[in-house]
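Thanks for coming. I have one model to go through today, so please look at the sequence and the structure first.

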Amino acid sequence: MAGAGVTADGESMRYVEYAPKTTARSDAEIDRRLGGTLIAVGLGVAAAGFAGRYAFQLWKPLGQVFSDSMKNMPSLAYSAYYKGGFEQKMTKREASLILGISPTSTKTKVRDAHRRIMVLNHPDKGGSPFIASKINEAKDLLDKETRR
């Protein structure tokens, strides 16, 4: 039983550790494996370089087409703000733009939006009296036209 790797020690049995034979690699084998790895890495870097070069050559015409199409689009499409001044007589559309709500909003939404904007633009807190008057005018117009 000692040849099988098991020894008897009283009533308990224990396993003898098995250590595989160590094989010493020759320098030639190590050099061969290292050379193969270096060649594979070199080919990968070369492929990435050629792919990048191809992508940059392709990007120039695509970038030009993209920039031309962006120039042709109206600039208002990119702005979150309304461009232009106030109209002589306030319309429902302008009032809803000032308060940032839909023209068909309920009275509670109009009052909430008015309160929120007036806190930010009140003349006592450093806001403009003209802007405050326009905000109040927008609220009055939408309150008058909204019957809900």
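A word on terms before anything else: buried means under 20% relative accessible area, exposed means over 50%, and partly exposed is in between, with a 1.4 Å probe and protein chains only as cover. This is a predicted model, in which local features need pLDDT of at least 70, side-chain atom pairs count only at pLDDT 80 or more, and totals for chains, interfaces and linings use all residues. Residues are numbered from 1 along each chain as its sequence is written, and side-chain values use heavy atoms, with hydrogens and water left out.

The overall picture, then. The protein chain has four helices and two strands, taken as DSSP runs numbered from the N terminus, H or I of at least four residues for helices and E of at least two for strands. Starting at the N terminus, the order is β-β-α-α-α-α. Of the 148 residues, 15% count as buried. The chain exposes about 12400 Å², with 60% of that supplied by carbon and sulfur atoms; areas come from the Shrake-Rupley method with a 1.4 Å probe.

Now the core. A nonpolar core is a set of buried Ala, Val, Leu, Ile, Met, Phe, Trp, Tyr and Cys residues joined through side-chain atoms within 4.5 Å. The largest one has 14 residues, and those touching the most other members are Met90, Ala95, Leu99, Ile101, Ile135, Ala138 and Leu142. Helix H2 (92–99), helix H3 (107–121) and H4 each supply at least two residues. Which helix gives the most to this core? That is H4, with five residues.

Contact here means heavy atoms within 4.5 Å. Not counting residues up to four places away in sequence, Leu142 touches Lys92, Ala95, Ser96, Leu99, Ile101, Pro103 and Val110.

Asp143 lies in H4, residues 129–145. Is Asp143 buried or exposed? Asp143 counts as buried because its relative accessible area is 14%.

In the loop between H3 and H4 sits Gly127. Its relative accessibility is 22%, so Gly127 counts as partly exposed.

Last, the surface. Tyr54, Leu58, Trp59 and Leu62 make a nonpolar patch of about 490 Å². Leu58 lies in helix H1, residues 27–72, and is partly exposed because its relative accessible area is 43%.

Notes
Patch = residues over 30% accessible without salt bridge, like charges linked within 9 Å, V, L, I, M, F, W, Y side chains within 5 Å. Salt bridge = Lys/Arg side-chain N within 4 Å of Asp/Glu carboxyl O.
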